[in-house]
Amino acid sequence: SRLYNRAKELNVPWCVTEKIDGTHIGLTVSKDSYQLNTRNNIIESQNFFNIYNTKYLLEPVIKVIQEFVDSYSTITLFGEYYGTNVMNRINYKVPYDFKFYAIGESFGNDFMYYEQRSFRNIMASRYLYKFTVPLLYIGTFEECINDTNNEYSRLNTNETMEGVVI
């Protein structure tokens, strides 16, 4: 895409993504299982915004990542769980959905985040790009901090986005 070509040309890791108004979600996937977590806790109860009744939305992600992960590591996707039944400040036109913004891999006690370009390439190459937060801009740090943050949401163009993340 044009954004990937610009990132390659500039050889910089800075990008601007849309900040989604939801609640943080982590999806940790191993070869045979997965777990969902908030920023600080494993989600074990249905009381967290009805999450276990919406896990079918994550099945394509879980299936693909399980094929990708080694038996000695786990992969964690970091993202937002959002929608009108999660946070209802911005109408994204869905009751529940998931978008991810980062990926990391754990080998025992070691954890490594992938750079944004690698994360997006992994998601796109495995037909999971629809599960990524909207990418707005790639450039130098100075260009990114000057990028506007009052545009319309890429998830519903009738709404102003919550903000941006650099």
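**Chat about a surface patch, a helix and a pocket**

Author: This is a predicted model. On its surface, W14, F141, I145 and I166 make up a nonpolar patch, and their accessible area together is about 360 Å².

Reader: Where does F141 sit?

Author: F141 belongs to helix α4, residues 141–145.

Reader: Is F141 buried, exposed or partly exposed?

Author: F141 counts as partly exposed because its relative accessible area is 34%, and that falls between the 20% and 50% cut-offs.

Reader: Ok, switching to α3. Which of its residues are buried?

Author: In α3, residues 116–125, the buried ones are Q116, F119, R120, I122 and M123. They span an arc of only 160° around the axis, so they lie on the same side of α3.

Reader: Why would residues three or four places apart point the same way?

Author: An α-helix has 3.6 residues a turn, so residues at that spacing point the same way.

Reader: And what follows α3?

Author: Y127 does, and its phi is positive, near 60°.

Reader: New topic: how much space is in the largest pocket, and what lines it?

Author: The largest pocket holds about 290 Å³ of space. Its lining has 15 residues, with T17, Y101, V133, V165 and I166 nearest the centre. Strand β1, residues 15–19, gives the largest share of that lining, four residues. I166 is also one of the residues in the nonpolar surface patch.

Reader: Last one. Where's S153, and is it buried or exposed?

Author: S153 is in the loop between α4 and β8. S153 counts as buried because its relative accessibility is 0%.

Reader: How far is S153 from A124?

Author: S153 and A124 are 21 Å apart in space, C-alpha to C-alpha, and 29 residues apart in sequence.

Note on methods: Residues numbered from 1 in each chain as written. Predicted model: local features only at pLDDT ≥ 70, side-chain atom pairs only at ≥ 80, totals over all residues. Heavy atoms only, no water. Patch = residues over 30% accessible without salt bridge, like charges linked within 9 Å, V, L, I, M, F, W, Y side chains within 5 Å. Areas by Shrake-Rupley, 256 points an atom, 1.4 Å probe, with all protein chains shown as cover. Salt bridge = Lys/Arg side-chain N within 4 Å of Asp/Glu carboxyl O. Helix = DSSP H or I, 4+ residues; strand = E, 2+ residues; numbered from the N terminus. Buried < 20%, exposed > 50% of the residue type's maximum accessible area, 1.4 Å probe, protein only. Arc of directions from axis to C-beta. 1 Å grid on protein atoms, 1.4 Å probe; cavity = no way out; pocket = protein on both sides within 12 Å on 5 of 7 lines; lining within 4 Å. Points joined across faces, edges and corners; volume = space filled by probe spheres on them.
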